[in-house]
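I opened my notebook to record what I looked up in one structure.

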Amino acid sequence: MIQQQMAPLLELKNISKRFVGVQALQDVSFELLPGEVHALVGENGAGKSTLLKILFGVYHPDNGTILIDGKPVVLNSPKAANRAGIAMIHQELQQIPELNATQNIFLGQPITKGGLFKDTRRMRQTAESLLRRLNFDINMTVPVRTLSVAQRQIIEIARALLGNARIIAMDEPTSSLT
């Protein structure tokens, strides 16, 4: 039986990035197949966060190519990365502490009734469903500032899944996940 080789979901080819006086990345290549999980490990200053920020469109590479499903893409903004199916969970959580979990999951992408009013019931149900998929039970009604850092990180993961991300990049997740 011939085994069919899976095509890469993501390819980074010869990515380089230089900041004033510092070569942050030089000819970095990386490949991600569907369903894979990778960890980038290295010392502080090794360029891990820089590479993730290039993938998420925060920084632009000086050289190199990014391919998704074999096609070259230009990720010139986080919005472009989102459109390409990439979500980033930053080391510094992107939440409003006074809002509850549902409100934070739907920041910038609410479910509406007739395009005008937020459908809070559907938003809460959808958020609870996402958290069940992650096998987590979080009180959706309390401000996120009252939750543990790990619970807040799960809320960020749920937000990434809400946007149907095909690639989820996490910057320093081990600092808050057990």
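The entries below go from the whole chain to its parts.

**Entry 1: ground rules.** I noted that this is a predicted model, in which local features need pLDDT of at least 70 and side-chain atom pairs count only at pLDDT 80 or more, while totals for chains, interfaces and linings use all residues. I also noted that residues are numbered from 1 along each chain as its sequence is written, and that side-chain values use heavy atoms, with hydrogens and water left out.

**Entry 2: the whole chain.** I looked up the elements and found five helices and eight strands in the protein chain. Helices (H or I, at least four residues) and strands (E, at least two) are DSSP runs, numbered from the N terminus. Along the sequence, I read the pattern β-β-α-β-β-α-β-α-β-β-α-α-β. The C-alpha atoms fill a box of roughly 50 × 50 × 35 Å along the principal axes. I then checked burial: 37% of the 178 residues count as buried. Here buried means under 20% relative accessible area, exposed over 50%, and partly exposed in between, with a 1.4 Å probe and protein chains only. For contacts (heavy atoms within 4.5 Å), I took those between residues at least 6 apart in sequence, and 58% of them join residues at least 24 apart.

**Entry 3: strands 1 and 2.** I looked up how these strands pair, where pairing requires that DSSP finds at least two bridges between them. Strand 1 and strand 2 pair in the antiparallel sense over seven bridges. I found that Glu-11 has Glu-31 in strand 2 as its bridge partner. Their hairpin has two residues between the strands, and Gly-21 there takes a positive phi near 80°.

**Entry 4: an aromatic pair.** Rings of Phe, Tyr and Trp (its six-membered ring) pair if their centres lie within 6.5 Å; planes under 30 degrees apart count as stacked, over 60 as edge-to-face and the rest as tilted. By this rule I have one aromatic pair to record. Phe-19 and Tyr-59 are edge-to-face, at 5.2 Å centre to centre with 70° between the planes. Phe-19 belongs to strand 1 (residues 10-19) and Tyr-59 to the loop between helix 1 (48-55) and strand 3 (63-68), so the pair ties together parts 40 residues apart in sequence. Are these residues buried or partly exposed? Phe-19 is partly exposed at a relative accessible area of 30%, and Tyr-59 is partly exposed at 26%.

**Entry 5: helix 1.** I found helix 1 mostly covered, with six of its eight residues buried. The buried residues are Lys-48, Thr-50, Leu-51, Leu-52, Ile-54 and Leu-55. I listed what covers them, including strand 1, strand 2 (22-32), strand 3, helix 2 (78-83), strand 5 and strand 8. Just after helix 1, Gly-57 takes a positive phi of about 80°.

**Entry 6: strand 5.** Which way do the residues of strand 5 point? Ile-86 and Met-88 point one way, Ala-87 and Ile-89 point the other way, and all are buried. I noted that strand 5 pairs with strand 8 (residues 167-170) in the parallel sense over four bridges. Ile-167 in strand 8 is the bridge partner of Ile-86.

**Entry 7: the largest pocket.** A pocket is an open set of points on a 1 Å grid over the protein atoms alone where a 1.4 Å probe fits, with protein on both sides within 12 Å along at least five of seven lines; lining residues have an atom within 4 Å of a point. The volume is the space filled by probe spheres set on the points, which are joined across faces, edges and corners. The largest pocket holds about 810 Å³ of space. I found 27 lining residues, with His-38, Ala-39, Ile-168, Ala-169 and Met-170 nearest its centre. Helix 1 gives the most to this lining, with five residues.

**Entry 8: the second largest pocket.** This pocket has about 390 Å³ of space. It is lined by 17 residues, of which Phe-56, Asn-82, Met-88, Gln-109 and Arg-159 lie nearest its centre. Strand 5 gives the most to the lining here, with four residues.

**Entry 9: a loop residue.** I placed Asp-137 in the loop between helix 4 (120-133) and helix 5. Asp-137 counts as exposed, at 73% relative accessibility.
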